[in-house]
Amino acid sequence: MDKSGLVESYAWVIASPVYWFTMSAQTKLFLDRCFGLFAHKKNVFKGKRIAIAMSYGDADSFSSGCVNALRTFQDAFTYTGSTIVGMVHGSADKPGEIKSNKGLMTQAEELGKELVTG
């Protein structure tokens, strides 16, 4: 998606695994580059609806570092005037574990509904 797609979109879904106690480097790079969108439009983030999805390998969101990433998202999007509609996160050690976690998948589906209807 080019910058105009990001600017014009109503909502964003940002998903990242936790690497070394925070979001992935690629996700952080995306956030850092979003700062340049202010040159495109003054209040580019105002009113944007954001959903966050995270996965991590530890059993706990605190010891895994997931909480660090979630707090970074909260700080960044509060600063920009965006609304974080919700966050969903879960633990997995093997491929497919998140998908087979019915409770987590239900949470993700509900977050998606809230993102587009709320």
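**Salt bridges and aromatic contacts**

Lys113 and Glu110 both belong to helix α6, three residues apart, about one turn of the helix; helices are DSSP runs (H or I, at least four residues), numbered from the N terminus. The model is predicted, so that local features need pLDDT of at least 70 and side-chain atom pairs pLDDT 80 or more, whereas totals for chains, interfaces and linings use all residues. Residues are numbered from 1 along each chain as its sequence is written, and side-chain values use heavy atoms, without hydrogens and water.

The side chains of Lys113 and Glu110 form a salt bridge at 3.6 Å, N to O (a side-chain nitrogen of Lys or Arg within 4 Å of a carboxyl oxygen of Asp or Glu). Lys113 is partly exposed at 40% relative accessibility, as is Glu110 at 43% (buried, under 20% relative accessible area; exposed, over 50%; partly exposed, in between; 1.4 Å probe, protein chains only). In helix α2 (residues 25–34), Asp32 and Lys28 lie four residues apart, and their side chains meet in a salt bridge of 2.5 Å. Four salt bridges are found in the whole structure.

The search for aromatic pairs finds seven (ring centres of Phe, Tyr and Trp, the last by its six-membered ring, within 6.5 Å; planes under 30 degrees apart are stacked, over 60 edge-to-face, the rest tilted). Phe73 and Phe77 are stacked, with 6.4 Å between centres and 5° between planes. Both residues lie in helix α4 (residues 66–80) and are buried.

Definitions and conventions. Helices (H or I, at least four residues) and strands (E, at least two) are DSSP runs, numbered from the N terminus.
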